Amino acid sequence: MNEYVMEAQDLTKKFGDFLAVDKLNLKIRKGEVLGFLGPNGAGKTTSINMMVGLLSPSSGKVLVNNCDVEEMDKKTIGICPQELVLWENLTCNENLKLMGDMYTVPKAILANRIEKLLNDLYLTEKADTMVSNLSGGMKRRLNLAMAVIHEPEIVLLDEPSEGLDPQSRRVLWSYIRSLRDDDHKTVILTTHLMDEADRLSDRVAIIDHGKLLKLDTPKNLKKEIGEGDIIELTIPDTDTKKYVINYLETLEDTIAVVEVDGKINLRAFNAVGKLPKIVAELEKSNIRIEDLSVRQNTLEDVFIELTGTGLRE
Amino acid sequence: MKFMSIASKDLKELLRDRRGLFFLLLLPIFFMLIFSFAFGTMGQNNEPNSIAVVNLDTGVTLPNGTTVNYGDNFTDTMKGLKYQDTDVNLFNITQTSEANASNLVKQRNVDLELIIPAGFSQSMVDMAQTVQGTGSAGAVTLNSSTSNVTSKLIIRGDKGYSGFGTSLSILTGAVGSYQDGVIGAMGGVEPQEFIQTSVEGIPGTQSFTAFDYIAPGMMVFAILLLSTSVAAMLTKEVESGTLRRLKLSEMTSFDYLFGGCYHGPLWQVHRSSYS
């Protein structure tokens, strides 16, 4: 059995002079959930589109089960796009049946599959409800069901939990896990929710400016990129923030000091031990601390560390 | 049979989209109005209807010695008829022989030919005597005196030609008015039948029906509407992203377009019915 189900080799895409994807090399293992992370405009969607055959690369190639993606059986991949792509004037049942027909799923199998999908995604009661009458969460779940109606080997989920409430998100996460654990599918997950990527992904690929920056397990990434713990400081006076950042950078064993969402994040070894010293110094300088917390390093810290804090759009 | 699924999907979407359906039903009416204004006779229908009159009536001499010819009288009356509140004549009359009249009809120089029978005047006189004699309403046999005395007007033309239908209806109205005028002058009571008409097709044109003439237009209209309908559907699918979803599946372009056209016949029938 081939260990890698999909492989991108020197995948490059140019739009005029703009280099969207720069020699991307990526191997996706069979039966894993790969988190595909990157800031807006990093080249995620372009890479994904090339990997599923929707976009031709400028150079390089994509192999799916050792075959060129152009020659791949269309049943191999199922895509759940970021946008809700549903026929609003059809019922849930009719939407799923239509997609099943488009993939030539035999009628008897299709009926059972629709029933199971609706059940797994808590949509059974809405089977005969018009999509236009569904809530946002229900539409998201149906959007996912549409991508897997033909039981593809590779499932691509493009920000599947965008705009979902925590309850719906948990249903979705549970289903994604079942895709891997019970159905042994390979899942490629793009998301901006670091918590989601951390919880679901076996490995995480971080891409920026069209280049693959890191590819590893969330645990290894956090260990490698973000050693130590994080102290989060909220300083209300914006004028003194720069002074505080400069001070924190001079501390012993400081790994990084960044400002994220108005908060100063200090990542350092033995962060807890440094707290009394920091507090004393800021009080001495007459700087008021509005909030202070210590936490463990997260995937978001790794992401920010690798891609920076600047806006991309 | 993916195209059947596409057709079924399109039809369901169409029937469930009330706003779209409303416009879909309204569109043919709108087209009909536009086409009628552009190519029809709306707003400019006060034009004389060309007809050929073959007057075979020889007239009749009354007991007081005067000679009358009701055929000429009827022809002159028609010549003088005008559209209401206008100076435009109802008819543009060409008096000619029976053979020439048929040629004119075939060449569509006139819409129809009207043949006034030889004994038309005699039948009118007989009618007057009968009416004055009975003084009551009821069916009156006009062919009372001799076998060749009849008030039956023969109207001939190409029954599949729209101009024939228009002129026939106006002519029938004119005959009715003339009949009322003559009875009024006689001071009698109107019988149920007075001047009869017989409509005949010109040999060689009967095989053509109204459908034969409008069929090409209907086909063009149906193709036009079918293409706009498929284009609208395609635009909607592109906009919503559903076309991309379909393209990722095993559906082919043929399935999509044929499916889109397949559900159309129902609507084409509806639309064409207006055209």
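Axes are lines fitted to C-alpha atoms, for helices over the stretch in contact, and the angles between N-to-C directions run from 0 to 180 degrees. Helices (H or I, at least four residues) and strands (E, at least two) are DSSP runs numbered from the N terminus. The structure described here is a predicted model, in which local features need pLDDT of at least 70 and side-chain atom pairs count only at pLDDT 80 or more, whereas totals for chains, interfaces and linings use all residues. Residues are numbered from 1 along each chain as its sequence is written, chains are lettered from A and ligands numbered from 1 in the order in which they are written, and side-chain values use heavy atoms, with hydrogens and water left out.

Chain A contains 10 helices and 14 strands. Of its 313 residues, 51% are buried, a term that stands for a relative accessible area under 20%, with exposed meaning over 50% and partly exposed in between (1.4 Å probe, protein chains only). Contacts are defined by heavy atoms within 4.5 Å, and among the contacts in chain A with a separation of 6 or more, 68% are between residues 24 or more positions apart. The accessible surface of chain A comes to about 14,700 Å², and carbon and sulfur atoms account for 47% of that surface; accessible areas come from the Shrake-Rupley method with a 1.4 Å probe, and for residues only the protein chains shown count as cover.

Helix packing in chain A was examined next. Two packed helices are described by the angle between their axes and the distance between the axes. Helix α4(A) packs against helix α5 (residues 166-181) of chain A at an angle of about 15 degrees, and the axes are 10 Å apart. The two helices α4(A) and α5(A) are therefore roughly parallel, where angles under 35 degrees count as roughly parallel, over 145 as roughly antiparallel, 65 to 115 as roughly perpendicular and the rest as oblique. The crossing of α4(A) and α5(A) is right-handed; a crossing is left-handed if the near helix is turned anticlockwise from the far one by less than a right angle, and right-handed if clockwise. On the side of α4(A) the contact is formed by A:G137, A:R141, A:L144 and A:V148, and on the side of α5(A) by A:S168, A:V171, A:L172, A:Y175 and A:L179. These residues comprise 6 nonpolar, 2 polar and 1 charged, with Ala, Val, Leu, Ile, Met, Phe, Trp, Tyr, Cys and Pro counted as nonpolar, Asp, Glu, Lys and Arg as charged, and the others, Gly among them, as polar.

Helix α4 (residues 136-148) of chain A also meets helix α2 (residues 92-102) of chain A, the axes coming within 9 Å and crossing at roughly 25 degrees. That angle makes α2(A) roughly parallel to α4(A), and the crossing of this pair is right-handed. In α2(A), the residues A:C92, A:N95, A:L96 and A:M99 are in contact with A:L142, A:A145 and A:M146 in α4(A). The residues of this contact divide into 6 nonpolar, 1 polar and no charged.

The axes of α2(A) and helix α3 (residues 107-120) of chain A come within 10 Å and cross at roughly 135 degrees, which makes α2(A) oblique to α3(A). The crossing of α2(A) with α3(A) is right-handed. Here A:C92, A:N93, A:L96, A:K97, A:G100 and A:D101 of α2(A) meet A:K107, A:L110, A:I114 and A:L118 of α3(A), a set of residues that divides into 5 nonpolar, 2 polar and 3 charged.

Individual residues were then considered. A:I287, in the loop between α9 and β14 of chain A, is buried at a relative accessible area of 9%. Its C-alpha atom is separated by 8.0 Å from that of A:D237, 50 residues apart along the chain. Leaving aside neighbours within four places in sequence, A:I287 is in contact with A:I235, A:T240, A:Y243, A:V244 and A:L282. A:N286, placed in the loop between α9 (271-284) and β14 (291-296) of chain A, is exposed, with a relative accessible area of 73%, and has a positive phi of about 60 degrees although it is not a glycine. A:K241, in helix α8 (residues 241-249) of chain A, is buried at 11% relative accessible area.

In chain B, B:R108 likewise has a positive phi, near 60 degrees, in a residue other than glycine. B:R108 lies in the loop between α4 (98-106) and β5 (112-116) of chain B and counts as partly exposed at 33% relative accessibility.
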